[in-house]
Amino acid sequence: MGIKQVRALTTTLPSVTWIPLARAHAERADEMTAGHRARRATGEKHAIEDFLYDYYGTRPAQMRRWHPGVGAGLAPAPDGLAEQATWKFYMKFPDGVVTLDQDAFMQARGESVRYIHGLLTATASRPVFSGCFGLHEWAMVYRDRDHRHQLPLRLGQAETDKVVEQHPIRCTHFDAFRFFTPEAVGLNRLQPTRATQVDLDQPGCLHAAMDVHKWAQKLGPAVPGALALDCFALAGDIRLLDMQASPYDLTSYGHDPVKIETPEGKAEYVARQREFARRAAALRARLIRVCEELMGPEGAARNREAVAPFNRR
């Protein structure tokens with residue numbers, strides 16, 4: 001690894017500070033992924049939690065790696081350099097301080113950073129919409145006998161189809177909409193595409209909120225460890241509601257349904273949805289700051305200007 005000078009560090013952590021942080025991070029990550037790792041060893045499937053690993057490509061080994069974040073340096077430990085010195089996108093200064101190589105990271109992932117920044121900024125600019133009631137999961141099984149999960153439908157197929165037909169479907173998130181059954185596609189008031197994601201993602205959407213985990217993973221070593229795990233924790237909490245409000249019967253997992261086909265269920269869904277939106281907003285703002293630290297003040301300003309036409313649509 002070459003030695004070079006880059007932007008000034010904002011802070012340098014002594015080893016007595018960063019070593020306990022890294023150890024605590026690994027322990028927290030191990031605790032959060034313990035169930036998945038145990039099931040993986042036996043080949044057991046989990047209809048709720050597997051989504052976080054299969055869909056998002058989450059790897060427990062990567063989750064337990066602690067990163068200090070942009071601008072933070074790690075002073076040498078008594079027994080040598082921080083192990084991050086051997087990791088991709090890290091560099092060391094002549095005095096042995098190890099830090100993220102922002103220039104190398106932006107050369108490799110600058111386009112992704114700018115896209116993530118633009119998408120998150122546009123999403124954050126919009127009001128929370130809480131009138132979807134999680135019907136995207138219902139649209140994914142509408143008039144279909146081949147379901148993604150080997151779980152019974154708690155209302156049966158015919159009654160499930162009626163719920164879809166009796167409610168307006170207004171899904172804004174492409175990565176949910178693309179799994180609608182062919183018969184359900186035309187029922188959606190919107191027709192999201194990947195190209196219109198920046199124009200449509202809104203902060204009340206459960207999938208847009210879960211995606212803070214995806215974007216944290218994409219930003220990788222630029223994201224401080226605590227923020228990365230907070231994003232993963234939120235995604236897990238939201239996934240549970242996503243499935244509780246779905247047409248599937250989760251009694252085999254010990255979870256009661258959120259019956260969105262009833263007024264009481266709708267009220268519960270909206271209350272929990274708004275709390276998740278609040279949590280996601282705080283994490284989204286932190287990820288935006290990570291992007292802006294990577295881009296620098298001028299680059300961030302240019303990117304904000306580029307995404308401005310999409311704000312509050």
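Hi everyone, let's start inside: the largest cavity in this predicted model holds about 110 Å³ of space. A cavity here is a set of points, on a 1 Å grid over the protein atoms alone, where a 1.4 Å probe fits but cannot get out. Its volume is the space filled by probe spheres set on those points, with grid points joined across faces, edges and corners. Before going on, residues are numbered from 1 along each chain as its sequence is written. Because the model is predicted, local features need pLDDT of at least 70 and side-chain atom pairs pLDDT 80 or more, while totals for chains, interfaces and linings use all residues, and side-chain values use heavy atoms, without hydrogens or water.

So which residues line the largest cavity? Among them are Cys132, His136, Arg170, Cys171 and His207, where lining means having an atom within 4 Å of a point.

The second largest cavity has a volume of about 50 Å³. Its lining includes Leu119, His173, Asp211, Trp215 and Arg284.

Now to the packing. The largest nonpolar core has 65 residues, and Leu219, Ile260, Tyr269, Leu287 and Leu294 touch the most other members. Such a core is a set of buried Ala, Val, Leu, Ile, Met, Phe, Trp, Tyr and Cys residues joined through side-chain atoms within 4.5 Å, and buried means under 20% relative accessible area, exposed over 50%, partly exposed in between (1.4 Å probe, protein chains only).

Let's zoom in on Leu287. Beyond its neighbours within four places in sequence, Leu287 is in contact (heavy atoms within 4.5 Å) with residues including Leu120, Trp215 and Cys231.

And Pro76? Pro76 is partly exposed, with a relative accessible area of 31%.

Methods:
1 Å grid on protein atoms, 1.4 Å probe; cavity = no way out; pocket = protein on both sides within 12 Å on 5 of 7 lines; lining within 4 Å.
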